[in-house]
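Please read them with the structure open.

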Amino acid sequence: MILRLDGVSHTYRTPTGDARTVLQIDEWTLASGDHVLLRGVSGSGKTTLFNIIAGLLRPTQGVVACDQTVLYNLPEAQRDRFRARMIGYVFQNHYLLPQLTALENVVMPMAFARKDAPKTWSDTALSLLDRLGLREFAAYRPSQLSTGQRLRVAVARALAVRPPVLLADEPTAALDPESAVVVMDLLQRLCRENDAILIVASHDPALSDRFGHVVNLRAGKLSNEHAQAGQALPVQAVFSVESQIQ
Amino acid sequence: MMYDLGISLRTLRAHPLQSLIPALIVGLAVALSVAVFALGDGVRQGIIRASDPFGVLVVGPKGDAQQLVLNSLLLQGLPVGTIPVEIFDVLRADPRVRLVVPIATGDNLSGAPIIGTDASFFELRTNINAPPAFQIAQGALFTEDFQAVLGSLASNQLGLQVGDTFRGAHGLGASLASDLHENVYTIVGVLAPSNTPFDRAVFTTIASIWEVHAEGMAETAAFAAGAEGSVENLTSILVSPVGFVEQNQLWQEFYMATDAQAAFPGQELAGLFDLLSQGERILSIVGYLVLGIAALTVFLSMYNVTISRQQEIAIMRSLGGSRASVFRMIITETLIITLLGAVIGRVIGYAAAVIIASVFSGSSAIPVPIRFLPSLEPLLWLLPVVVGVVAGLIPAINAYQVDVVERLFPT
């Protein structure tokens, strides 16, 4: 699957009425199996970019396409269905539903996507929780889980429908270094198994080594990461970031 | 769909007070309607059974015919007045009449009416082939003045048995000791339950009643204010004609007469039922008002819940839940609340009706059978559904309009 952003920009009005452009991407293309670390300071546009890819925020300009499907040409209901089936999203704050158990939280996207038969939902969810070391916590509510456990439930939820695109926003921000390693291992391994595109937004410098592709988002614009002074990371065929850097 | 329902149920359980209080208010509204209609039906059935079991005409003084029937057959309210005993003699000699039962009331025993009558009372039957409606359970019928026979309920409530004695009091309500007559009655028998208002009565001879009042002519018992100052009066006569034609002839004759009237219990109680229906209508309106208040409560509760749950709704939307599915979820939740209320309402309503009916029956001896009313069911399910949908509409629209990005990423 190819995920393509073409001439995407997003501008909003500030309370004083000024127009502020928070994202401006000329072209960005990712293919199945790509794992990308997206780095950027707060306010650099990472979350805006994720929301645009997830079909939650219509860009002011430009095209977001998955293969032949132009996301924002779809009516909203179809875009919701697209999101349910194609996008996994791990939020920085986890955003688990407090009234549901861990298992029910993981089942939820399956119910929205309706990719698989309902009778398989619980088994799939349990299997995922098992792989994330949470089987015995399946009946726990989020309030009964630790921060790391909640994050792992959120990861299981994001992967429940085996989405071709997985977005993870600061997944390790609230974790100790050991837990961060465990979670990132799992996230990358599961995405590899699904041949999914993984985009992780993080400030965590420890994550750079895990990713072949690291891109910076500064003031809404993407640029390649230079891991060490004077050394540019090789630009893959599927990346066209370099061409946009001014 | 089942999953959506599961989410809705989980959500309601997560907010128990916000879910249960509106459900209880809907329940009270439904309970009010159920109790009103079930009691109305029960009272109607009870009055029909109690007032016209013997197919008699009630003959009494001119005046309020409904009161005459209520007093003579249901033992409710005061006698209309008295009629001369000669009317009884004329009727007894009339070949068109199969049975004539004299009734003289005016005294009570701790609230139980004392009825002066004769052996003919114990010949009353629900139909010509049925056994007598009143059977002796203990002792025997009275054979002499100041002997008394107690109805089953009167015996139980007053704790009196065969061989006990008592003194009657003026009037038809419970009296002070100073109101008691001097004459002492002896209980000679107790009747088996008849499931009529007469179960709470005390029976004695007519002559006993006359004698008691002859000794206290100047006193104020209703009975004593009879025609021409005589105490040998009756408050009513139950007349069982030999046939339908004769019944109508007698009614016609009394209609033309100036000293007494005859009343068909069924006809008179139809007027009472009209009154009852009006009462039901008023209470139904109250029920609808309560249901309206319940709708507002459900609306406010769901509105608050959806406001406080905007982030949850946004999370669902971000995971692929459509606007339609969150709209459906909120409507489902309000429907669960109102339908839960409908179930609670039925339980409370019928339970309240049974308790009220039991208290009413205990004090009046008019049986009030409470039965399930299938005819009410469509309305009592439909109304909560309508309330649920209407009350859930605005909260559901709110949920429909939640801005996912604004809610999840406020900065």
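How many residues of chain B are in contact with chain A, and with how many residues there? The points below start from that.

1. **Interface size.** This is a predicted model. In it, 23 residues of chain B are in contact with 26 residues of chain A. The two chains bury about 2,300 Å² between them. Carbon and sulfur atoms account for 63% of that buried area.

2. Four salt bridges are counted between chain B and chain A. One pair to inspect is Asp80(A) with Arg317(B): they form a salt bridge, and the closest N and O atoms are 3.1 Å apart.

3. **What chain B brings.** On the side of chain B that touches chain A, at least two residues each come from helix 1 (2–14), helix 9 (310–318), helix 10 and helix 12 (404–408). Helix 9 of chain B gives the most, with six residues.

4. **Nonpolar patch on chain B.** Check the surface here. A nonpolar patch of about 830 Å² includes Tyr303(B), Ile307(B), Leu339(B), Trp381(B) and Ile397(B). Helix 8 (265–308), helix 10 (323–364) and helix 11 (377–400) of chain B each supply at least two of the patch residues. Helix 11 of chain B has the largest share, six residues. Ile307(B) sits in helix 8 of chain B. Ile307(B) counts as partly exposed because its relative accessibility is 40%, between the cut-offs of 20% and 50%.

5. **Chain A overall.** Chain A has seven helices and 10 strands. Of its 246 residues, 54% are buried. Among contacts in chain A with a separation of 6 or more, 68% join residues 24 or more positions apart. The accessible surface of chain A is about 10,600 Å², with 48% of it on carbon and sulfur atoms.

6. **Backbone angles to check.** Most residues other than glycine have a negative phi. Two residues deserve a look. Asp195(A) has a positive phi of about 55° and is not a glycine. Asp195(A) lies in the loop between helix 6 (177–194) and strand 8 (197–201) of chain A. Its relative accessible area is 43%, so Asp195(A) is partly exposed. Ser110(B) has a positive phi near 50°. Ser110(B) is in the loop between strand 3 (97–109) and strand 4 (112–117) of chain B. With a relative accessible area of 55%, Ser110(B) is exposed.

Technical notes:
Residues are numbered from 1 along each chain as its sequence is written. Chains are lettered from A and ligands numbered from 1 in the order in which they are written. This is a predicted model: local features need pLDDT of at least 70, side-chain atom pairs count only at pLDDT 80 or more; totals for chains, interfaces and linings use all residues. Side-chain values use heavy atoms; hydrogens and water are left out. Patches are made of residues with over 30% relative accessible area and no salt bridge: like charges are joined within 9 Å, nonpolar side chains (Val, Leu, Ile, Met, Phe, Trp, Tyr) within 5 Å. Accessible areas come from the Shrake-Rupley method with a 1.4 Å probe; for residues, only the protein chains shown count as cover. A salt bridge is a side-chain nitrogen of Lys or Arg within 4 Å of a carboxyl oxygen of Asp or Glu. Helices (H or I, at least four residues) and strands (E, at least two) are DSSP runs, numbered from the N terminus. Buried means under 20% relative accessible area, exposed over 50%, partly exposed in between (1.4 Å probe, protein chains only). Contact means heavy atoms within 4.5 Å. Buried area is the accessible area (1.4 Å probe) that two parts lose on being put together, summed over both.
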